[in-house]
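Dear colleague,

Please find the structure below. My notes on it follow.

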Amino acid sequence: MAKIEKQEREAPERREPVWDYATAPEATDIVRLEDRYGLFIGGEFVEPKSGKYFQTINPATEEVLAEVAEAGPEDVDLAVRAARHAHEKYWRALPGSERAKFIYRIARALQERAREFAVLETMDGGKPIKESRDVDLPLAAAHFFYYAGWADKLEYAFPNRRPHPLGVAGQVIPWNFPILMAAWKIAPALATGNTVVLKPAETTPLTALLLAQVIQEVELPPGVVNIVTGAGETGSLVVTHPDVNKVAFTGSTEVGKTIRRALAGTGKHLTLELGGKAANIVFDDATLDQAVEGVINGIFFNQGHVCCAGSRLLVQEPVFEPLLEKLKERLQTLRVGDPLDKNTDVGAINSRQQLERIEELVASGVQEGAEMYQPECNLPERGFWFRPTLFTNVSQSHRIAREEIFGPVLSILTFRTPAEAVEKANNTPYGLSAGIWTDKGSRILWMAQRMEAGVVWANTFNRFDPSSPFGGYKESGFGREGGLHGLEPYLDFDGGGD
Amino acid sequence: MPVRRTAKLFIGGEFPRSESGRSYEVHAPDGRLLAWAARGSRKDLRDAVRAARTAQAEWGARTASNRGQILYRVAELMEGRRGQFEQELADAGAADPARGVSAAIDRWVWYAGWADKVHQVLGATNPVAGPYFNFTIPEPTGVVGIVAPQDQALLGLVSRLAPAVVSGNAAVVLASEKAPLPAVTLTEVLATSDVPGGVINVLTGFTGELVPWLAGHMDVNAIDITGVPEDMRADVEAQSAENVKRVVRGSDADVFSPAAQSPYQVTALMEFKTVWHPMGA
Amino acid sequence: MSQAAEIERRHPTPVRFTAKEAARLVARAAAVDAVGLEERAASLAKRSIKRDSKLWALDLAIRCMDLTTLEGSDTTGKIVAMCAKAVRPNPLDPSIPSVAAVCIYPHLVPVAVGQLKNTGVKVASVAGGFPSGLGPLDARLREVREVVELGADEIDIVLNRSLFLGGQYAQAFEELVAAREAAGETHLKVILETGELGSYDRMRQASVLAMAAGADFIKTSTGKITPAATLPSALCMMEAAREFFHETGRHVGVKVAGGIRQSKQAIQYLVLVYETLGPEWMTPDLFRIGASTLLNDVLMQIDKERTGRYQNPDYYTID
C-alpha cells in the first residue's frame, strides 16, 4: 500500500477558546445510593450466601459508589430455582395479554424515572450524561414497550408454528450499555413467557439493581426476574447451571467462545453477541460534512466502547486528504471530561483494566509504524481517560487494524474501488456492523449486499431501534436481538416446551 | 342535584353542537331518558372529514412507536373512566358491563401494540429476479369513515376504531344511534389524551341520515360498514364506487372472542407500496 | 488543488470568477445529507450554556444584532425610536452594548444615518427589489447605487431565486456580480431565502454562488416568508462558508434572520458558529443576527442571569 504523504497544511493549532462553556453539571441528588446491595432473588433483596461483596466505583473520579454482592454457586442456584418456580407456577400459564401489561408497566417506570437512571448510569459507567439521557434510557424504555406488544401476538410472528417459552433464561451482559443491555435481554425473554436470571457486568451493576427495584414496584411476580451481581465467575455459574434452558451472552469474543465450549453437548439454546472491528467506508461522493459526523460518532460515541463501533475508517483515496483535515478539525471541538457535565462529548474509560488495554494497543500502533494524532485537551487528574485518537498510515496487518480496541481510537486506511472496499471490509474474523457513505443509492445497496455484517448503516451510524434486528456474522456472534427476529431465540416450536 | 351532562359532537379535537341545532333523545331499553345527544348533520360530517384530512398527514408521519405509545396511554385513561363506562353500558342494557369495559380496554391495548409490528408481519422485501432491491411497505390509506355497530356500544366501537387509527389513518365515526353515550365518553377520553385533534372525530345522530353522505364523500378513502343496516349495504358499496373507496366490515365472530381482533383488520385499511432500486457499484 | 482555489489564485482580487466558472462551482458543490445535517444541528442545539458563558454569549448576541424593521408602515418616527434603542438598548443599564446595525428600507437611510452618526452602530439597508429580487435589473442596480449614495454602511440584497431555481446559475451569478460592482466597497450581504430553496443541497449551492460573486456575508432569509432561519439551514451555510475559506482563504460572514425571538435560539446559533466556523467568526464582522423582538428577550435573560429572577417585559422599553 502506498505511503501517505505528509500533509501540506499543518494540523490546526490548539486555539485558546474564545468562549469557555461554563460547567453544566447534572445534579446527582436524584440518585439515592445504598451503601450495600444484596442480590435480587425471588422478588427480594437478599444477602449473598457467599458472604462476599465487591466495590463499584465511578471511573471518572475513582470514588467508591457502593458495595455489591458477589453471587457464589449457592446464590446462583437459588436464583435459578426461583426463576424455575416462577415459570412453572405462574409465568408460563399467564395469558400473553397479562404478561404484556407487566412489561408495559416496566416501560412506563423507566420513562418516569429516566433521569434517575441516566444519572446513575453515568456515575457507575463513565458515559456522558448526554448519552445516557438521550440514547440509553429512551431506547431501554422503547425496548420494553416494543416487546410488551409482542407478548400476546406470538402466533402472528411465526406462521404455522406454535411457539412455547424455553423456560429459564440465563443472561450475561456487558458494561458498555448496562441498562440498555438489560432491557435488550429481559424484554424479549419476558414477552415470550420465559423467566430470567441476569448477571450485570462487574463494573456496572447499579442500574440493573435499580431496575430490580422497579420490578418490585410494578409487582412482577417474584422470581420472574432475578438479578445476581458478580464478576466472570458468577457469569460462568449462571450460563453453566444445569437448569438454565437458554443462554444469552453479550461480551467479548474470547469469553463467547469459552461459553460456547462450556455449553457443548448440553442442549442449551445459545445466542452470542460478541466483538467487532467494523469498517466505516467513505466514498469520494459522500456528503462529506455529514460523513465526518458519522465517522466521529462511529468511533467516539460512548468512548468507542461499542461492539459495533466504526473503528476502521476505509476512505476512498481521492477524498482522503480533505476528510482527514476535516476529522482533525472536528476532533478539536470534542469535549472530553466530566461525564456528568451536559456538554461533555467523550466521557471516562470504564475501568483501569480497559484503559490499560487501550494504551497497550495504541502503543503497538505507534510501534508498528502507524502515525498517531490526538487533539490537545486537558484531562482530569483522577479517573480513567483517553484522548480521542486517529491513526493514519495503517495497514491491515497492524494490530490496531485487526484487534478490537474498544476505545476512542480510529484506524484509517484507504481504498480505490468499491470491490476493494468490500474485500478490505470483510477481511476480518468479525462481522458485526459496517458503515457506507456515498450519495449514490445503487452503490449503497450493492455494497450492503456484499458486507459480511449483521448491521449495515448507510449515511448514518450507531442507529438502534427495538424493531430493528441487531447481531453479527462470523465471530461477532449469532442470533439477533430486536424486531420480530429477536423473539425466536427465546422460543421453542411445535410441541416443544421445557 | 347533579349537573346533567350534554353530549356533543367531537370534531377537530373540540366539542361543537350540531350546526343544525338539532339533538335527539337517548333512552334506556326500559324507556328512561338518559340524555340528549347532538343530531349530527351532513355539514357536521363535512367538517369532520375536513378535520380528519387535515390531521391525517401529521398523524401518519409520526413514528409507529409514537403512535403506539399514544394509543397505549388512551387505554390508561379509559381505565380511569371505568366507572362511567360501566354505568353507560348498564344503561344501554349490557348484560355484563364490567366485562365489556375490560374487554374494550384490553382490545385497545392489543391494537396499540401492533403499531410498530404490523409492517414486520405484513410488509416484505421481495426477492425479484434482477439486480434490484425491492421492498413493500404498508402505509395508512388516509381518512376512514366508520359506521360503528349499533350494539356493543364500547367494545364494538373499539374493535373498529383502534385498528383503523393505529397505522396512521384518521377516522370519522358515526356512533351507535341507539347507544351513543359510551362513544361520547370515549371522545372525552381522547380529548384529554395525546391523540392530536382531528385524528378521531365522532358524530352522534341518525345512522340512516348520515350514512349516505359518508358513503358518497369523495375525500374519504375507506368506509367500514359494520354498523350499516343490512338493507343499506348494497347502496353504500355502490356509492363508494365514485372514488373507489375501500369497503371493509368487522368480523361476524363474537366480539368478545379473539377471532374478532386481528392485524389483518389493520392492514385492510392500509395501502401496500412496493419500491424498486437498482443495486450496482 | 481545488478548482475554486485555482480560480482565486489566477485572479488577485477576490471576486473574479467568470459566470461559467461559477455555474460549474455550483454544479459541483457538495451534496448535503438532510438527516445527518439536521441531527448535527439538533446535537449542537443541546449545548448547555450557563452563567458566565451565557452572559458572554448574550452580550455577543447584542453586539452581533442587526435591529430590523422592514414594514410598509415604517416612518421617520419609527426609525428615530429604533435608532435610539439600537444605541442604548437598556437606558437603565450602561453596561449593555449597542447593537451592530439597524436594518431598514432605502428611503429611510438618511434618517438613520443622521441618528447614528458617531455611535458606532452601522446603517444597513435592503436594496435590489427586496424581498422578491425581481423586476427590471437596471432598476434593482440603481437602487443599490442610490443606497450607497445615501450613506448606508451595509447593503442586504437578495438572490434571484427565479433564475436560480430555474437552473440559470450563470445569469443569477452575473446579477450578483453586477450588484457587487454597484455596491462598490460597501459591505454586501446576499440573502439566499433558504425557505424557498427546497433542499439543503440548493442552500449549499446558493451559498457557493453568492460567495463566488464576492458577497461579504451570506444571509438566510428576508424574514418575509416561513420558514425563515432554521438551525440546520444556518449550519448548512456555515459549512459552505468554512469550505470556501479553506479553498480560497477569504472569510465570508453568515447572518441568520427571521423568526429568532428568544435568547435561547440566539445562543444556539452562536454555538453553531463556534463549533463549525471557530472562534475567529465570533465577531460582528463575521456573524450577525437579524431580529427585532429578540433584543428585549436578551435583556431580560441578562437580568435573570444577574438577579436570579424571571423578568417582566413591562420593564423594558419597546423602542
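What percentage of the 498 residues of chain A count as buried? The share is 57%, where buried means that 20 or more other C-beta atoms, placed from the backbone, lie within 10 Å of the residue's own. This is a predicted model, in which local features need pLDDT of at least 70 and side-chain atom pairs count only at pLDDT 80 or more, while totals for chains, interfaces and linings use all residues. Residues are numbered from 1 along each chain as its sequence is written, with chains lettered from A and ligands numbered from 1 in the order in which they are written.

Chain A has 15 helices and 20 strands; these are DSSP runs, helices being H or I of at least four residues and strands E of at least two, numbered from the N terminus. Its C-alpha atoms fill a box of roughly 70 × 50 × 35 Å along the principal axes.

Between chains, 21 residues of chain A are in contact with 22 residues of chain C, contact meaning C-beta atoms, placed from the backbone, within 7 Å. On the chain A side, helix 10 (residues 288-300) gives the largest share, five residues.

Within chain C, the axes of helix 2 (residues 19-27) and helix 9 (residues 169-183) come within 8 Å and cross at roughly 120 degrees. Axes are lines fitted to C-alpha atoms over the stretch in contact, with angles from 0 to 180 degrees between N-to-C directions. Among the residues making this contact are Ala19(C) and Val26(C) of helix 2 and Phe173(C) of helix 9.

With kind regards

Key
Two residues are in contact if their C-beta atoms, placed from the backbone, lie within 7 Å. A residue is buried if 20 or more other C-beta atoms lie within 10 Å of its own, exposed if 12 or fewer, and partly exposed in between; C-beta atoms are placed from the backbone.
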